Amino acid sequence: MSPLSTSAPDWRDIRVVVFDVDGTLYDQGPLRRQMAQEILLYCLARPWKMSLVRTIQEFRRIREQLAEEEADSILRAQFERPASRLGVSPAEVETVVEEWMFERPLRHLRACRYEGAAELFSRLKETGRTVAAFSDYPASRKLQALELETDLVVTAMDPEVDRFKPHPAGLLRVVELAGAEPAQVLLIGDRDERDGECARRAGCPCLLKVAGAPTGPGTFADYRQLLSSVGSRD
Ligand SMILES: [Mg+2]
């Protein structure tokens with residue numbers, strides 16, 4: 001579906017703004033290049049550790065698959081499925097993922113944060129809105145590293161959610177925790193097939209951050225431009 005299918009929000013109706021994290025609050029391009037370089041240097045010095053590259057690739061691929069299947073029990077499946085394909089234990093997959101996907105990237109995140117994101121957070125709070133994060137990945141440590149503070153964090157791995165986007169369970173959980181109506185909860189994301197579709201299914205408005213020029217009324221390229229459009233609540 002095209003990003004054009006999302007529509008610009010009427011800010012007067014919006015009480016809660018929920019941000020996707022990866023690719024929405026920070027630029028994934030430089031982070032991925034940084035991590036690829038780090039992995040390369042690590043493996044050059046320790047060629048017997050080279051299998052970690054395939055473990056990460058397989059973990060990522062399986063998560064995309066679980067999202068498309070809208071599978072449940074994802075907390076276990078995300079490690080068990082790649083483990084059985086790689087012929088290792090789920091704990092081994094988890095150890096590699098924890099170190100290389102969750103822990104090591106943290107120190108680079110702040111430098112990759114999008115311009116204007118912190119100012120938008122402040123503006124939203126000043127105008128009495130709840131700021132939330134909703135991610136398919138663990139998000140609290142990332143938000144801390146990004147120096148962005150939210151009122152609420154929901155992830156796909158929370159027991160009450162247990163589904164990846166575009167399943168609407170996580171977003172509906174935010175709606176419930178914030179005590180709002182779906183129409184009052186704006187999701188800001190970066191992938192139409194995940195974030196956009198999730199919002200449509202939950203009945204929430206959505207804005208997509210795109211690279212380059214905005215491609216439709218439901219898209220924006222720069223938080224500083226978005227900031228100027230945020231009005232007060234009714
Ligand atoms: Mg994203």
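Which stretches of the protein chain make up domain 1 and domain 2? I found that domain 1 covers 3-26 + 113-229, while domain 2 covers 30-108. These bounds come from an automatic or database domain assignment.

Before going on, I noted that this is a predicted model, where local features need pLDDT of at least 70, side-chain atom pairs count only at pLDDT 80 or more, and totals for chains, interfaces and linings use all residues. Residues are numbered from 1 along each chain as its sequence is written.

**Between the domains**

I looked up the spacing next: the C-alpha centres of domain 1 and domain 2 are 26 Å apart. For contacts, I found 13 residues of domain 1 touching 11 residues of domain 2 (a contact means C-beta atoms, placed from the backbone, within 7 Å). On the domain 1 side, helix α7 (residues 140-146) gives the largest share, three residues. That side has six nonpolar, one polar and six charged residues. The classes go like this: Ala, Val, Leu, Ile, Met, Phe, Trp, Tyr, Cys and Pro are nonpolar, Asp, Glu, Lys and Arg are charged, and the others, Gly among them, are polar.

**The sheet**

I traced six strands in an open sheet, ordered β3-β2-β1-β4-β5-β6, with parallel pairing. Strands here are DSSP runs of E, at least two residues, and helices are runs of H or I, at least four, numbered from the N terminus; two strands pair if DSSP finds at least two bridges between them. The edges are β3 (152-155) and β6 (219-220), each pairing on one side only. I then checked β2 (residues 130-135), which four bridges join to β3. Opposite V153 in β3 I found A133.

**Helices around α4**

How do α3 (residues 74-86) and α4 (residues 90-103) cross? Their axes come within 8 Å, at roughly 110° (axes are lines fitted to C-alpha atoms, for helices over the stretch in contact, with angles from 0 to 180 degrees between N-to-C directions). That makes α3 roughly perpendicular to α4, a label for 65 to 115 degrees, with under 35 roughly parallel, over 145 roughly antiparallel and the rest oblique. F79, E80, P82 and A83 of α3 meet P90, E92, V93 and E94 of α4. I count five nonpolar, no polar and three charged residues there.

I also looked at α2 (residues 51-69), whose axis comes within 10 Å of that of α4, crossing at roughly 90°. The contact joins L52, T55, I56 and F59 of α2 to V93, V96, V97, W100 and M101 of α4. By class I noted eight nonpolar, one polar and no charged residues.

How values were computed. Contact = placed C-beta atoms within 7 Å.
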